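Take a look at the model below. Then read on for a short tour of its pocket, its fold and a few of its residues.

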Amino acid sequence: MERTLSIIKPDGVGKGVAGEVIKRMEKAGIRICAMKMVRLTPEQAGMFYAVHRERPFFHSLTEFMTSGPIIAMVLEGENVIARNRELMGATNPKDALPGTIRRDFASDVEKNIVHGSDGPDTAAQEIKFFFNDLEIQR
């Protein structure tokens, strides 16, 4: 069984589409084994997105991710990383397929409703950022 981290970003929470995002995940057979709503501090957002520190969008990304609450989730299932990324759609909503979360709800590349880990190593690291073992249901 594979696990991944998914985040409903501040725009998704603010637009009131978190329930629909979660519904789509569950309808796709993805199990949510941990979930919490948090508001990141600038320091926390900087740590989470440290891999992008040298990229030109780092400041605007961390600023956006601290602009409101987020919902962090641990997802579990067979090939859940790939399945979640397929549900989310391309990073740029204009390139995302119809019926994907980003195509249906996102406004631009940065405000694209959701984040999902891109591989097993990243997933493990990102899950530990938000959750301890006691918070993840078996």
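## The largest pocket

The largest pocket has a volume of about 630 Å³. A pocket is found on a 1 Å grid over the protein atoms alone: it is an open set of points where a 1.4 Å probe fits, with protein on both sides within 12 Å along at least five of seven lines. The volume is the space filled by probe spheres set on the points, which are joined across faces, edges and corners. This is a predicted model, in which local features need pLDDT of at least 70, side-chain atom pairs count only at pLDDT 80 or more, and totals for chains, interfaces and linings use all residues. Residues are numbered from 1 along each chain as its sequence is written, and side-chain values use heavy atoms, with hydrogens and water left out.

The lining of the largest pocket consists of 24 residues. Lining residues have an atom within 4 Å of a point. Nearest the centre lie Tyr-49, Val-51, His-52, Leu-61 and His-115. Helix H3 (42-48), E4 and helix H7 (120-130) each give two or more residues to this lining. H7 gives the most, with four residues. Helices (H or I, at least four residues) and strands (E, at least two) are DSSP runs, numbered from the N terminus.

By class, the lining has nine nonpolar, eight polar and seven charged residues. Here Ala, Val, Leu, Ile, Met, Phe, Trp, Tyr, Cys and Pro count as nonpolar, Asp, Glu, Lys and Arg as charged, and the others, Gly among them, as polar.

## The whole chain

The protein chain has seven helices and four strands. From the N terminus, their order is β-α-α-β-α-α-β-α-α-β-α. Along the principal axes, the C-alpha atoms fill a box of roughly 35 × 35 × 25 Å.

How does the radius of gyration of the chain agree with that of a compact globule, and what is its value? For 138 residues, a compact globule would come near 14 Å, and the chain has 14 Å, which agrees. The radius is taken over C-alpha atoms, and the globule rule is 2.2 Å times the number of residues to the power 0.38.

Buried residues make up 48% of the 138 residues. Buried means under 20% relative accessible area, exposed over 50%, and partly exposed in between (1.4 Å probe, protein chains only). Of the contacts with a separation of 6 or more, 76% are between residues 24 or more positions apart. Contact means heavy atoms within 4.5 Å.

## Helices with a buried side

| H2 (18-27) | Ala-18, Val-21, Ile-22, Arg-24, Met-25 | 160 degrees |

The arc is that of the directions from the helix axis to the C-beta atoms.

On H2, the exposed residues Gly-19, Lys-23 and Lys-27 sit on the face turned away from the buried side. Just after H2, Gly-29 has a positive phi of about 85 degrees.

## Single residues

Most residues other than glycine have a negative phi. Asn-79 has a positive phi, near 50 degrees. Asn-79 lies in the loop between strand E3 (70-77) and helix H5 (80-88). Ile-113 also has a positive phi, of about 70 degrees. Its loop runs between helix H6 (101-105) and strand E4 (114-116).

Which of these is buried, and which exposed? Asn-79 is exposed, at 54% relative accessible area. Ile-113 is buried, at 0%.

Thr-66 is in the loop between H4 and E3. Thr-66 counts as buried, because its relative accessibility is 16%. Beyond its neighbours within four places in sequence, Thr-66 is in contact with Arg-39, Leu-40, Thr-41, Pro-42 and Ala-45.

Met-1 is in the segment before strand E1 (2-8). Met-1 counts as exposed, at 69% relative accessibility. The C-alpha atoms of Met-1 and Val-80 are 8.3 Å apart, although 79 residues separate the two along the chain.
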